[in-house]
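The points are grouped by topic and may be read alongside the display.

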Amino acid sequence: MATSILALARCSSGFHRAIRSSSLSIRPLKPYLCSPFSSSASPAAAATVAAESNNTKHSSTLSIKLPSAFALVGASILGGYCLGTSHSEHWNELQKNRELPKGERGCCSCDATSPATAAKVELTEAQTALSAKLQKIAGKDHVYDGMKESSKNAPFLKGARLGHGTALCIVQPGTVREAVKCLQEIVDAGCVVLPQGSNTGLTGGSVPRNDTPDTRPAVVLSMKRLDAHFPIDDGHRVVCLAGCGISTLASSILSWFPDRESHSILGSTFLNPTTAAGVAFGSGGVYVRKGPARTDRALYCKVSRNKWGENVVTVVNTLGVEGLEDSDFQEQPGEDHDAVGALDVYSNDVRQGFRRSMAMSSDSIHGRAKASDSNYQNTVCECTQEVSRYNADLAGEDCNRSEGKVVILATVHDTFPVPKKKRVFWVSFPDMETTLSFRREVCLNNPKDLPISCEYMDRDSVDIIDRSGRITTHMIKYLGMGDIMGFLWGIRVAVEGLPFSWAPLICDKLLHTFNNLVPKAIPGKFMQAGKDWDHHCLVAVGEFGDGTLDRFMDRMDAFVKKHNDKIVADKSMSGKIVSVVEADSPSEVNALNAFRFVAAVAFKTYCVGEDIQGISVDYALPKNGGLAPPLEGATPLKRMRYSHFGCNVVHEDIAYALGVDTHEEKMAFKHGVEGEGGKLPAEHGHGTEYHAPESAQNRWMGMDPLNVLNPGVGGLSTLPKYGK
């Protein structure tokens, strides 16, 4: 027992290192503060309720203070240690021939096995000397050995959902110039580069993999220290270095310009994935009016080789910002007089809080280029056989959906107006056909009157979130999606990385065990609708000064009346009416948003808690479709479908009994999706899990002809020059 306690104590020091490395600190730019932020909720109108049960008033309050949260975490760790020790043999047996959904779209891998052992490779002299060279560039404290896993390097070597390997080293440059220099040294040493942001990717594309025939050592190029960001164009756009997190950015924009908001303010923001990763994957489907992450204005690196056999790192500059154009430095060329150097100077001033004149977009072709998917509102409303968005889309500058085949250094993004008024509804439907009619006739009626968001959940989603997601929902509801939640998530990551066989499961086991001791996460009027109906949409509608809200409400009222009048008039019809329940306060809105976005976390917790297995798939269905693709194989225990309903991008979490061949079921399901005209993956990138279509592979090979950046992504060869 004493030995176990000593081991736990040694690991706890790793908690603190992991937490420090993941903590968020950027809060610069007071010079840009327009006014103190004040939150004002729009007056809530009377709810439209179409079922007697929804009239029931229910409210519950839960006050979680920070010391209590820390005490809860500590108690959970201690309880988990004791519980895990007593059940480790049982859990080890369960893990045999069992697949789990490896987390939130952004949570920890629950692989119980150790990473694959890298084949013994004789390092060259240049590779042996590489770490020392990188230390001279980035500093000793920012280069870590990656050949043997430790609490310090595990967050860089283990994927958020899958992938686990070793690397020659990990380097975290602190400036854009350092990043370019590190990249040059790595490729000159004959190593491959794995660009990495927050390492919240789900398909294994940003971590080392040892099970490949490629013998070149890998180096993780972590961009998290490049977290500076600043507004341009009077706050209508923002420049982000590659390590800037989307939660950090959302908080900053809200404080600088209360009437503007960033692209991503919901979803997996509490994990703080980087803006650069969003561009590299084309992520972000929550906001129907904004579309997925996309920009043609960026600073990024490509690697090629000249006729003398020298590796050439080329910095491509399409930022389109005055003072940062390549043409601004033609008279004084050189390392200290280029866009990279100027961006570092500006970013350093911002980080230290110095006042700088706000930069503006240039009048060049890059300054006029897209910094968001500005045509998305039109395309999403087209009722065609095409999909709205997917990961193999070839549109835009090379940085878009590049999946690590270029190294993104900085990006420019549009900001968006905050609605003057906002209403949120939980709309429940008796069948999927009626739900899809609501999407066509009400939500996507025309490009001008789109809702802010429209998120779908089926009955299994509501049931599983309620059974296994209450604690996480309450934590997000009361602690927010910012630094504190990220800090606590870092503790979870550290716990699941402990060197015990049961460690990857203990957090979920505890969450499932204590779930029902916690009050329901959403008010009873919503929970009752969730139990009584099979299909639900969480719809947020805003007023942007042009009558959008009133027109949307007119369409929704007309749709509900038409359907419900038909049900009431025809006594032979056995269908239910459509139910509409409105959120009456900001706290109810926060609860509903948290409830929806812990879906995948709750599913993993449910599988662990119930000792079953499960798979997760994301895909896009045609814009004129939406029915669930058939399951041909084993009967699932639960089929949890939730989606970004506007764009028809679906997340499916399917639970199976132990003994079912989940790989076979997953492959069959993927073929079924494609048979329905769908495309996958739609949001999380190909990584090492999906084969990209030939058009996407050719695009990536053109970006990285030497195959030194993220080799093996999307089914490509891992060998130099793709084995040619």
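Two strands are taken to pair if DSSP finds at least two bridges between them. The model described here is predicted. The protein chain contains 21 helices and 18 strands, and buried residues account for 57% of its 724 residues. Of the contacts with a separation of 6 or more, 78% link residues 24 or more positions apart.

- Strand β5 (residues 229–232) and strand β6 (residues 237–241) run antiparallel and are joined by four bridges.
- Phe-230 has Val-239 in β6 as its bridge partner.
- The two strands form a hairpin with four residues between them, and Asp-233 in the turn has a positive phi of about 55°.
- His-229 and Pro-231 point one way from β5, while Phe-230 and Ile-232 point the other way; all are buried.

- An open sheet with mixed pairing has the strand order β1-β2-β4-β3.
- β1 (143–145) and β3 (192–196) are at the edges with a single partner strand each, so one side of each has no neighbour in the sheet.
- From one strand to the next, the twist averages 20°.
- Three bridges pair β1 with strand β2 (residues 169–171) in the antiparallel sense, and the bridge partner of Asp-145 in β2 is Cys-169.
- Helix α4 (residues 130–138) packs on this sheet, where α4 touches β1, β2 and β4 (218–222), and the direction of α4 makes about 15° with that of β2.
- Helix α6 lies across β2, β3 and β4 and runs at about 150° to β3.

**Nonpolar cores**

- The largest nonpolar core has 66 residues, of which Leu-134, Val-171, Leu-183, Val-219, Leu-343 and Leu-409 touch the most other members.
- Helix α6 (residues 176–188) supplies the largest share of this core, seven residues.
- Leaving aside residues up to four places away in sequence, Leu-134 touches Gly-139, Val-143, Cys-169, Val-171, Cys-182, Glu-185, Ile-186 and Val-219.
- A second, separate core of 53 residues includes Val-286, Leu-498, Leu-510 and Val-518.

**Packing of α15 with α19**

- Helix α15 (residues 503–514) packs with helix α19 (residues 599–610) at an angle of about 90°, and their axes are 8 Å apart.
- This angle makes α15 roughly perpendicular to α19.
- On the α15 side the contact involves Pro-504, Leu-505, Asp-508, Lys-509, Leu-511 and His-512, which meet α19 residues including Val-601, Lys-604 and Tyr-606.
- By class, this contact of α15 with α19 has six nonpolar, three polar and four charged residues.

Notes: Residues numbered from 1 in each chain as written. Predicted model: local features only at pLDDT ≥ 70, side-chain atom pairs only at ≥ 80, totals over all residues. Heavy atoms only, no water. Axes fitted to C-alpha atoms, helices over the stretch in contact; angles between N-to-C directions. Parallel < 35°, antiparallel > 145°, perpendicular 65-115°, else oblique. Contact = heavy atoms within 4.5 Å. Nonpolar A, V, L, I, M, F, W, Y, C, P; charged D, E, K, R; others polar. Buried < 20%, exposed > 50% of the residue type's maximum accessible area, 1.4 Å probe, protein only. Core = buried A, V, L, I, M, F, W, Y, C linked by side-chain atoms within 4.5 Å.
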